[in-house]
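Subject: The structure, and what turned up in it

Hi there,

Here is the structure I promised to pass on. Please open it alongside this note, and my findings follow below.

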Amino acid sequence: MSSARSLAELRGALEDVVQRGALALDERRYADWLDLAAPELRYRIAAYSPELRKDMIWLDHDRPGMVALIELLPKHHSGSGDWLRQVVLGAVEADSPSSARAVSSIAVFETAVDVGDSHVDGGSSSLFVVGRYHDRFRLDGERWLLSERTVRLHTRQLGIGSHRFV
């Protein structure tokens, strides 16, 4: 019974990291998101191309690379819409007492915001991307940190202004 309880506790702890991270990204609080990440963070975004018969790697950064990306975001056109990430934690596995893995399903919705007097599409929402997070975590003292994320997108057409990361 203690093993089932410890797996449930692990699941709850990892879900907390994933959900708090999604909320921080939705609200563009990137420093808060980075606080949930380990110093050795690796972040990748990939999608399989049936035409090429291989993965397309759209982003592959370590933590300093992610910090640089975040610092450059205000200089890029990244769309004016708000994102809402819906993340459902799926499989969770403990690799050791201090490392774990999880796979989550993700759907990102984009809501257009009113810009100036045009009010075109203001408030309308649409599905932006779907995919899965393949995450690795490590225990740092009493808290779990994200040490690696591979975002495997099913969506392959993101359009202009999608510089934010999923």
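**The largest cavity**

Sorted by class, the lining of the largest cavity has 7 nonpolar, 1 polar and 2 charged residues. (Ala, Val, Leu, Ile, Met, Phe, Trp, Tyr, Cys and Pro count as nonpolar, Asp, Glu, Lys and Arg as charged, and the others, Gly among them, as polar.) This is a predicted model, in which local features need pLDDT of at least 70 and side-chain atom pairs count only at pLDDT 80 or more, while totals for chains, interfaces and linings use all residues. Residues are numbered from 1 along each chain as its sequence is written, and side-chain values use heavy atoms, with hydrogens and water left out.

The search of the whole structure finds 1 cavity of 30 Å³ or more, and about 60 Å³ of space lies in the largest cavity. On a 1 Å grid over the protein atoms alone, a cavity is a set of points where a 1.4 Å probe fits but cannot get out; a pocket is an open set with protein on both sides within 12 Å along at least five of seven lines, and lining residues have an atom within 4 Å of a point. Grid points are joined across faces, edges and corners, and a volume is the space filled by probe spheres set on the points.

Helix α1 (2-26) gives the largest share of the cavity lining, 4 residues. Helices (H or I, at least four residues) and strands (E, at least two) are DSSP runs, numbered from the N terminus. Also among the lining residues are Trp33, Asp135 and Arg149.

**The second largest pocket**

This pocket has a volume of about 160 Å³. Two or more of its lining residues come from each of β3 (82-96), β4 (99-111), β5 and β6. Its lining has 3 nonpolar, 2 polar and 5 charged residues, and includes Glu93, Arg101 and His134.

**Helix α3**

In α3 (residues 63-72), Gly65, Met66, Leu69 and Ile70 are buried (under 20% relative accessible area, with exposed over 50% and partly exposed in between; 1.4 Å probe, protein chains only). Seen down the axis of α3, these residues fall within an arc of 135°, so they line one face of the helix; the arc is that of the directions from the helix axis to the C-beta atoms. The face turned away from the buried side carries the exposed residues Pro64 and Glu71.

**Ser147**

Ser147 sits in strand β6 and counts as buried at 12% relative accessibility.

Happy browsing!
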